[in-house]
Amino acid sequence: MAGLHVRSLLVTGANRGIGLGLVQHFLRMPKPPQWIFAGCRDPKGQRAQELQNLASKHPNIIIIPLEVANPASIKAAAAKVGEHLGGSGLNLLINNAGMVKSNTLDTETLEDMSEVYTTNTIGPLLMGQVRPSPKLGCAGGA
Ligand SMILES: NC(=O)c1ccc[n+]([C@@H]2O[C@H](COP(=O)([O-])OP(=O)(O)OC[C@H]3O[C@@H](n4cnc5c(N)ncnc54)[C@H](OP(=O)(O)O)[C@@H]3O)[C@@H](O)[C@H]2O)c1
């Protein structure tokens with residue numbers, strides 16, 4: 001990513017693991033993005049503490065409440081991003097949020113499979129459809 005310059009990006013699941021590592025990576029770039037939108041489903045929770053600390057030192061990090069398995073949350077997040085970007089568009093979306101449920105053939109359930117599929121497959125699809133818009137809040141993917 002040495003030659004990459006992005007003005008704005010959104011990372012889902014940015015509060016820990018690889019997502020938080022990506023936020024830190026972009027901060028360390030020679031020309032850091034003007035906007036780093038850090039999607040996090042529980043911004044006030046204990047698991048977001050490290051991200052909160054980072055954001056308090058870097059004003060270009062904007063923590064956005066975002067649950068990728070919830071279309072209403074995605075729309076609200078897109079509206080918030082749109083407010084900051086003012087119609088200039090998002091340069092990069094990193095669909096990082098994801099989960100695993102370690103089940104076996106005997107223990108697998110419809111609920112667990114549905115949750116994993118919704119989070120890992122439908123969530124990224126919905127994220128790719130939505131458009132940040134300062135005026136409309138969010139428009140469907142056209
Ligand atoms: N680590 C690996 O070796 C590996 C290998 C292959 C693929 N991956 C994929 O890479 C991604 C990151 O992996 P990781 O190891 O960093 O995972 P991780 O440490 O488990 O972190 C997952 C992140 O996704 C968030 N998340 C989970 N479900 C979400 C939802 N419904 N809405 C919004 N955020 C949600 C979590 O938020 P909470 O803190 O709120 O739970 C957390 O921020 C995942 O998609 C994973 O499947 C990882």
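Helix 3 supplies the largest share of the lining of the second largest pocket, 4 residues; helices (H or I, at least four residues) and strands (E, at least two) are DSSP runs, numbered from the N terminus. The structure is a predicted model, in which local features need pLDDT of at least 70 and side-chain atom pairs count only at pLDDT 80 or more, while totals for chains, interfaces and linings use all residues. Residues are numbered from 1 along each chain as its sequence is written, and side-chain values use heavy atoms, with hydrogens and water left out.

The second largest pocket holds about 170 Å³ of space. Pockets were identified on a 1 Å grid over the protein atoms alone, as open sets of points where a 1.4 Å probe fits, with protein on both sides within 12 Å along at least five of seven lines; lining residues have an atom within 4 Å of a point. Grid points are joined across faces, edges and corners, and a volume is the space filled by probe spheres set on the points. Thirteen residues line this second pocket, and Leu90, Leu93, Met127, Val130 and Pro132 lie nearest its centre. Two or more lining residues come from each of helix 3 (71-85), helix 4 and strand 5 (131-133). The lining comprises 10 nonpolar, 2 polar and 1 charged residues, where Ala, Val, Leu, Ile, Met, Phe, Trp, Tyr, Cys and Pro count as nonpolar, Asp, Glu, Lys and Arg as charged, and the others, Gly among them, as polar.

The largest pocket has a volume of about 440 Å³. Its lining consists of 22 residues, with Gly13, Asn15, Arg16, Arg41 and Gly98 nearest the centre. Helix 1 (17-28) and helix 4 (110-129) each give two or more residues to this lining, which contains 7 nonpolar, 9 polar and 6 charged residues.

Around the ligand are 14 residues (a heavy atom within 4 Å), of which Asn15, Arg16, Ile18, Glu67 and Asn96 come nearest. By class, this shell has 4 nonpolar, 6 polar and 4 charged residues. On its own the ligand has 890 Å² of accessible area, of which the protein covers 66% (Shrake-Rupley method, 1.4 Å probe).
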